[in-house]
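Good morning, everyone, and thank you for making the time.

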Amino acid sequence: MEVPKPKCLEKPLLVPSKLLMGPGPSNCPLRVYNAMKKPLLGHLHPEVLQIMDEIKEGLRYLFQTKADVVCCVSGTGHAGMEATIINLLEPNDIILVAQNGIWGERAAEMARRHGADVRVIEKPAGDVFSLEDVESALKEHNPAVLFMVQGESSTGALQPLEGVGSLCRRHGTILAADCVASLGGVPFFMDAWEIDVVYTGTQKVISAPPSLAPIAFSGRAMSKVRARKTPVRSFYFDIGWLANYWGCDGTPRKYHHTIPVSSVYALREALSLVCEEGLDSLWHRHHTCAQQLYQGLSALGLQCYIPDPVKRSPTVTTVTVPDGVDWMKVVRYFMSRYQVEISGGLGPTANKLWRIGLMGYNCTTENVDWVLRIMKEALENEKIKSNL
Ligand code: PMP
């Protein structure tokens, strides 16, 4: 054989345990890990379809919607973003992207690749858009779609969404929201806030492994999809096919793709934990742990990157790196000494800050204390200073 067996695969698979306190993924509870050990079944077996139906109910609760089309794209948060854009937009449709960090940039880039007419409104990193900002941009651009990010994980900002939906309805605009880094950690009401498309990822507050992107389309969003003059330019992400496979359209379910069934079990179990705790309690836990983190950081002499606490997402806290401190050395200190992950900045915030995640299973007072203790120790360590 010209290509011999690789030696590396003779060694056993070794994966260390780490506490993931960055902006995602978060760790999974044991019940979720155990769910993945259940027997593999086929993607159209009645037991799997039943589990998918239960996931839909869990997602309706999480999204707070009674929409028919609630399902998952097989893929991570980016797949949810791409599915949103590719289904809603036809060539030359105008999309307005509210950009205040990397996720708006990514959505704008995807929309350009799909041939849309992309208009951007911008805010500096850490800031959010007011209803007045949105309204004047809707008047100016008259977009088919407005894209907003609820939890901008690159900056830690929390975009208020209440009121945006009704503005969009008045302007005949479809509102799409990225809730990958926020859903479950902060209140979100798809129907009450008149949001047309929402997607998230499984690896953040839901605390399942990365692999599926829960997504929901309102009746209004589905009418726009059905009125398309051109077919959706992706078969895999076609929401019509996905809605059928997930049993959302009232017609017999057809094979679309082989769903990653072990991930489906994990999501089913993670959603069952969400329901056991209840959304009110989940939101409250994220709020109180974030307050504890803010107080502890300030006791260490550190400043949150976003001065106004109301504009901060409790799921991702951004912390300004003080002068004379090398951010990377601190991140490495956390990992090498304690196998704890915190992250540096991303996109507009690269090299300026640390990002500390409090998400789902990992959002506990004990973990906040632990992160603060390591941070104190790191900052007291002379080798952390940037000039050493
Ligand atoms: N949107 C936001 C707000 C995110 O935080 C992320 C992941 N960090 C994504 C989209 C993309 O998700 P994924 O990495 O799972 O593709």
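This is a predicted model: local features need pLDDT of at least 70, side-chain atom pairs count only at pLDDT 80 or more; totals for chains, interfaces and linings use all residues.

Let me begin with a question: is Arg253 buried, partly exposed or exposed? With a relative accessible area of 24%, Arg253 is partly exposed, where buried means under 20% relative accessible area, exposed means over 50%, and partly exposed is in between, using a 1.4 Å probe and protein chains only.

Residues are numbered from 1 along each chain as its sequence is written, and side-chain values use heavy atoms, with hydrogens and water left out.

Let me now turn to the overall chain. The protein chain has 12 helices and 14 strands, which are DSSP runs numbered from the N terminus, helices being H or I with at least four residues and strands being E with at least two. Its C-alpha trace spans about 65 × 60 × 50 Å along the principal axes, and buried residues account for 56% of the 388 residues.

Next come the salt bridges. Side chains of opposite charge can pair when their charged atoms come close. A salt bridge here is a side-chain nitrogen of Lys or Arg within 4 Å of a carboxyl oxygen of Asp or Glu, and the search of the whole structure finds 19 of them.

One of these joins Arg253 to Asp53, with 3.1 Å from N to O. Because Arg253 lies in the loop between helix 8 (239-245) and helix 9 (261-277), whereas Asp53 lies in helix 2 (residues 46-63), the pair ties together parts that are 200 residues apart in sequence. Asp53 is also partly exposed, at 27% relative accessibility.

Another salt bridge pairs Lys123 with Asp133, whose closest N and O atoms are 3.1 Å apart.

Lys376 is partly exposed at 43% relative accessibility, whereas Glu380 is exposed at 52%. Elsewhere, salt bridges that share partners join Arg169, Glu194, Asp196 and Arg220 into one network.

Finally, let us look at the ligand. Which residues are around the ligand? They are Thr76, Gly77, His78, Trp103, Gly151, Ser153, Asp178, Val180, Ala181, Gln203 and Lys204, each having a heavy atom within 4 Å of the ligand. By class, this shell has three nonpolar, six polar and two charged residues.

Some of the distances deserve a careful look. An oxygen atom of the ligand lies 2.9 Å from a backbone N or O atom of Gly77, and an oxygen atom of the ligand is 2.7 Å from an N or O atom in the side chain of Gln203. A nitrogen atom of the ligand is 2.8 Å from an N or O atom in the side chain of Lys204. Taken alone the ligand exposes 390 Å², and the protein buries 87% of that.

How values were computed
A polar contact is a pair of N or O atoms within 3.5 Å; within protein, one must be able to donate a hydrogen and the other to accept it, and residues adjacent in sequence count only if both atoms are side-chain atoms. Accessible areas come from the Shrake-Rupley method with a 1.4 Å probe; for residues, only the protein chains shown count as cover. Ala, Val, Leu, Ile, Met, Phe, Trp, Tyr, Cys and Pro count as nonpolar, Asp, Glu, Lys and Arg as charged, and the others, Gly among them, as polar.
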